[in-house]
Amino acid sequence: MSGAAPAAGLVDRFGRVHRDLRISLTDRCSLRCTYCMPAEGVPWLPGASMLTTTELVRAAAVAVELGIREIRLTGGEPLLRPDVVDVVAALARLGPAGAHPEISLTTNALRLPALAGPLKDAGLTRVNVSLDTLDRARYQQLTRRDRLPEVLAGLAAARAVGLEPIKLNAVAMRGVNDAEVVDLVRFAVDQGYEMRFIEQMPLDAGHTWDRTAMVTQAEILDALTGAFDLTPVPGRGAAPAARWLIDGGPRTVGVIASVTAPFCGACDRIRLTADGQLRACLFARSETDLRSILRAGGDDAELAAAFRGCLAGKRAGHDIDDPSFLQPERPMSAIGG
Ligand code: SAM
Ligand code: SF4
């Protein structure tokens, strides 16, 4: 689209302006978190269906022309993509000088000891790390892998190179890690990280989600207020997490209450899967096939039309809590969380 007049932003029919693109770099993963994947994994996307790095960067370049300001890399485990550092370097150069998109990454941290430095040098600004427990046996039970020490080393590596602020994500699960929420917040405060709890969502490949068993935001806050003085932080904008100052601040804790307090009204996110499908929502039941346009030699205007077409169908909300809700066919690991 270079040379053309700047395109109008990515606005949907509810007036939501989209500035955040989540790109899944792979659906593969080195862990098997129980809330995400069955022990045997899931049928992986065929290699030939995966976007090449050239295709992925081209799609992202069009999105940046259309007003995307933040690109979050995710998966599966994004650090399993062999050329992840090159991907970051290419994305960090998109857009005009002085107005490059911010590039961040959500990861299980296992490869951060090796990659934190190269990623920082390539232009990555910050990381979100999944850490559901500080107990090694529980980590093994929850992720089906005995790898907690590597996660902690990965976090230390990210902090050492300044990939900050570092946010820690924990999915709260009844009878598994819900008794640990205070300890997780204490750990995050001590280490200089921001703890965020996520309500479990119906996105696991095994379809094991149970609304009645889910730990709610209200329960998480109840547990935390016994230990900390929490003050709401105003001005959340499009952020998924509602945040509270801990004991007057400056440290904060967040809760992503997708189920009991959805934040769809302010959503500014659009997603690109590793196999080149655009999704207007984590819970969308339809996709827009960007890969076919890329491989058929489509020009930037066609790609831009696909972004707009995807958002034209975006619904006002996900309705997880409605009896008519249907879980999307793709599991979280193949959408990109
Ligand atoms: N592998 C990376 C990781 O774990 O950070 C990135 C992908 S993972 C799908 C992204 C985020 O989704 C993680 O924070 C994970 O805890 C969260 N997640 C996965 N399944 C979930 C579910 N069923 N409900 C809520 N969050 C979930
Ligand atoms: Fe892998 Fe992330 Fe899913 Fe865990 S949550 S199995 S680390 S993709």
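Predicted model: local features only at pLDDT ≥ 70, side-chain atom pairs only at ≥ 80, totals over all residues.

Colleague: What is the bridge partner of Leu-272 in S13?

Modeller: S12 is joined to S3 by four bridges, the two strands running parallel, and there Leu-272 is the bridge partner of Ile-23. S12 is also joined to S13, by two bridges and in the antiparallel sense, and these two strands form a hairpin with four residues between them, where Gly-276 in the turn has a positive phi of about 80°. Within S13, the partner of Leu-272 is Leu-278.

Colleague: Which strands stand at the edges of the open sheet?

Modeller: The sheet is open and of mixed pairing, with twelve strands in the order S9-S10-S11-S8-S7-S6-S5-S4-S3-S12-S13-S14. A strand at the edge has a single partner strand, so one side of it is left without a neighbour in the sheet, and this holds for S9 (230-232) and S14 (288-289).

Colleague: At about what angle does helix H1 run to S3?

Modeller: Helix H1, made of residues 53-65, lies across strand S3 (20-24), strand S4 (70-74) and strand S12 (269-272). Helix H9 (residues 300-312) also packs on the sheet, touching S3, S12, S13 and S14, and its direction makes about 40° with that of S13. For H1 and S3, the angle is about 170°.

Colleague: How many of the nine residues of helix H2 are buried?

Modeller: Helix H2 (residues 84-92) is mostly covered, and what covers its buried residues includes S3, H1, S4, strand S5 (102-107) and helix H3 (112-122). The buried residues are Val-84, Val-87, Val-88, Ala-89, Ala-90, Leu-91 and Ala-92, which gives a count of seven.

Colleague: How do the residues around ligand 2 divide into nonpolar, polar and charged?

Modeller: Ligand 2 is surrounded by Cys-29, Leu-31, Cys-33, Tyr-35, Cys-36, Gly-76 and Asn-108. Since Cys, Leu and Tyr count as nonpolar, and Gly as polar, the shell divides into five nonpolar, two polar and no charged.

How values were computed:
Residues numbered from 1 in each chain as written. Chains lettered and ligands numbered in written order. Heavy atoms only, no water. Near = heavy atom within 4 Å. Pairing = 2+ DSSP bridges. Contact = heavy atoms within 4.5 Å. Axes fitted to C-alpha atoms, helices over the stretch in contact; angles between N-to-C directions. Buried < 20%, exposed > 50% of the residue type's maximum accessible area, 1.4 Å probe, protein only.
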